[in-house]
Amino acid sequence: MKNNKEILKRIKNNPKNVRFNELCQLCDHYFGSPRQSGSSHRIYRTPWIGDPRINIQNCKGRVKVYQVKQVLSAIEKLERIHDKKI
C-alpha cells in the first residue's frame, strides 16, 4: 500500500480520478475510523463543527472531485489547528 504522504502529494497535484480506497486510507489516517461506512458513503468526524465536512462516496471505485477538494481542505485545516497547538 502506498505511503500517505505520497497519496496526499499526488492528490494535491491532480484531484481528478482519485481511487476511493486511497482516499479512505488518507481519511482514516487523518480523521480516524468513519462514523458511517455501511453504504456507498463514508462519513468522518472532524474536530470542528461545520465545513469542511468529510463525506466521500464510492462511484465505481472513484471519488467525485468536489469531495476530494473537501478532504484536502479539511486536511489543511487540521494541519493549521495542529500547528497552532505546538
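**Briefing on a predicted α/β chain**

Read along the sequence, the protein chain follows the pattern α-β-α-β-β-β-α, with helices (DSSP runs of H or I, at least four residues) and strands (runs of E, at least two) numbered from the N terminus. Its radius of gyration, taken over C-alpha atoms, is 12 Å, close to the 12 Å that the globule rule gives for 86 residues, so the chain is as compact as a globular protein of that length; the rule is 2.2 Å times the number of residues to the power 0.38. This is a predicted model, in which local features need pLDDT of at least 70 and side-chain atom pairs count only at pLDDT 80 or more, while totals for chains, interfaces and linings use all residues. Residues are numbered from 1 along each chain as its sequence is written, and side-chain values use heavy atoms, with hydrogens and water left out.

**Overall layout**
- The C-alpha trace spans about 40 × 25 × 25 Å along its principal axes.
- Buried residues make up 36% of the 86 residues, where buried means under 20% relative accessible area, exposed over 50% and partly exposed in between, with a 1.4 Å probe and protein chains only.

**Helix α1**
- In α1 (residues 4–13), N4, I7, L8 and I11 are buried; they cover an arc of only 100° around the axis, which puts them on the same side of the helix, the arc being that of the directions from the helix axis to the C-beta atoms.
- On the other side of α1, K5, K9 and N13 are exposed.

- Leaving aside neighbours within four places in sequence, L23 is in contact (heavy atoms within 4.5 Å) with I11, V18, I56, V63, V68 and V71.

- E22 lies in helix α2 and, at 7% relative accessibility, counts as buried.
- Not counting residues up to four places away in sequence, E22 touches K2, I7 and R10.

**Cysteines**
- The structure holds 0 disulfides, a disulfide being a pair of cysteine sulfur atoms within 2.5 Å.
- The sulfur of C24 is 6.7 Å from the closest cysteine sulfur, in C27, too far for a bond, and C24 counts as buried at 5% relative accessibility.
- The sulfur of C59 is 12 Å from its closest cysteine sulfur, in C24, again too far for a bond, whereas C59 counts as partly exposed at 30% relative accessibility.
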